[in-house]
Amino acid sequence: MQKGAFIMSLLLALLTTGCSRTVQDNGEELNAVYFWRTELRLDSLERNFLERYAIKKVYCRYFDVVMDGEDDEPPPNATITFSDTLPKGVELVPTVYITENCMHQRHDSLARRVVRRVAQMNQTNGISGVKELQIDCDYTDRSRLNFYHFLEQVRQELLTHHSPLITHHSPLITLSATIRLHQLQMPAPPVDYGVLMLYNTGDPRRFEDRRSADGRLLEEGKNPVLDLRDVRPYARYLAGYALPLSAAYPVYRWVRHVGGVRIEHTVDASEILGVKQLVEQKRPSLRQAIITYHLDEENINRYSHETFEAIYQH
């Protein structure tokens with residue numbers, strides 16, 4: 001089948017009922033998007049995107065937490081500034097990225113400092129009505145237990161009536177976490193739900209074809225952003241994974257330099273929709289809450305309206 005025909009067949013299959021808002025595993029109706037820039041400022045195209053695709057939740061990266069010396073408490077880095085506000089009716093979810101090596105040891109004050117910093121940023125920027133906090137970490141077998149302990153501490157910070165995120169006007173805060181494919185093999189983290197990251201799925205060193213000395217193709221290169229061949233081995237864990245899940249798909253471009261050569265990685269619409277079809281077959285609830293990564297004018301212009309309709313199709 002020609003590539004163009006394949007894309008159209010997937011679009012038609014996924015567009016039979018149009019684009020609609022979704023019901024997440026936890027009962028909340030939404031379409032969503034990540035915002036991963038260092039300044040919250042929206043242009044007219046980005047605002048139109050939120051309205052056109054009925055986006056009801058924006059996961060907004062507030063800051064990173066990185067190690068700065070072996071014995072130091074990991075400090076925040078790359079904190080966002082707020083020059084704008086989200087449209088009325090769009091929920092903002094503070095999201096904190098923590099590097100994996102931060103979890104090689106326990107930091108007893110880290111949960112308190114993260115929660116208080118988020119609360120302080122909300123207060124300083126006049127952000128109210130926060131209902132959720134998301135933690136993003138590519139934890140491994142080495143760091144998993146420390147990370148889960150950290151999440152439990154965050155939960156306690158959110159539950160206590162002294163928590164600066166909670167007032168007498170606010171409900172209890174939902175705690176969510178990102179889930180990468182390799183983490184599906186591990187016990188689920190102690191959070192309310194997870195976002196399955198269907199991007200950055202491959203080894204960036206294996207993007208080129210591997211050939212023998214006589215030129216025979218030994219192994220076809222893979223797209224490190226998203227490749228169905230990297231997702232398929234983990235799909236068997238989806239049905240039994242003991243945590244409600246949303247699904248996040250890539251619409252971004254990754255530019256890097258390898259040996260002085262500029263390399264661009266983008267994902268064809270057919271690949272995104274093929275992965276979407278696979279994971280929804282294995283776990284139908286993944287079609288209920290759908291997220292794209294991330295909100296940016298360049299990313300909006302990268303794909304057609306029909307492709308975005310198909311991605312957000314439930």
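This is a predicted model: local features need pLDDT of at least 70, side-chain atom pairs count only at pLDDT 80 or more; totals for chains, interfaces and linings use all residues.
Q: Where does threonine 201 lie?
A: Threonine 201 is in the loop between β10 (193–197) and β11 (210–211).

Q: OK, is threonine 201 buried or exposed?
A: Threonine 201 is buried, because its relative accessible area is 18% (buried is under 20%, exposed over 50%, partly exposed in between, with a 1.4 Å probe and protein chains only).

Q: And what does threonine 201 touch?
A: Leaving aside residues up to four places away in sequence, threonine 201 touches Leu181, Pro224, Val225, Leu226, Asp227, Asp230 and Val231; contact means heavy atoms within 4.5 Å. Its C-alpha atom is also 9.2 Å from that of leucine 228, 27 residues apart along the chain.

Q: Asp227 is in that list; where is aspartate 227 placed?
A: Aspartate 227 is in the loop between β12 (217–219) and α5 (228–231). With a relative accessible area of 5%, aspartate 227 is buried.

Q: What does the side chain of aspartate 227 pair with?
A: Arginine 229: a polar contact of 2.8 Å joins the two side chains. A polar atom of the aspartate 227 side chain also lies 3.4 Å from the backbone nitrogen of asparagine 223. For a polar contact, count N or O atoms within 3.5 Å; within protein, one must be able to donate a hydrogen and the other to accept it, and residues adjacent in sequence count only if both atoms are side-chain atoms.

Q: Which residues does aspartate 227 touch, not counting those up to four places away in sequence?
A: Thr201, Gly221, Lys222 and Glu271.

Q: Switching to arginine 283: buried or exposed?
A: Buried, as the relative accessible area of arginine 283 is 9%. Arginine 283 is in the loop between α6 (269–282) and β16 (290–293). Its side chain reaches the backbone oxygen of tyrosine 241 at 3.0 Å, and one of its side-chain polar atoms is 2.6 Å from the backbone oxygen of leucine 243.

Q: Now helix α2: which residues are buried there?
A: In α2 (residues 44–52), Glu46, Phe49 and Leu50 are buried. Down the axis, the buried residues of α2 fall within an arc of 95 degrees, so they line one face of the helix; the arc takes the directions from the helix axis to the C-beta atoms.

Q: Why would residues three or four places apart point the same way?
A: Because an α-helix has 3.6 residues a turn.

Q: Which residues are exposed on the other side of α2?
A: Ser44 and Glu51.

Q: What about the start of α2?
A: There, a side-chain oxygen of aspartate 43 comes to within 3.1 Å of the backbone nitrogen of leucine 45. Alanine 54, which follows α2, has a positive phi, near 50 degrees.

Q: Zooming out, how many helices and strands are in the protein chain?
A: There are 8 helices and 16 strands in the protein chain. Of its 314 residues, 50% are buried. Among contacts with a separation of 6 or more, 75% come from residues 24 or more positions apart.

Note on methods. Residues are numbered from 1 along each chain as its sequence is written. Side-chain values use heavy atoms; hydrogens and water are left out. Helices (H or I, at least four residues) and strands (E, at least two) are DSSP runs, numbered from the N terminus.
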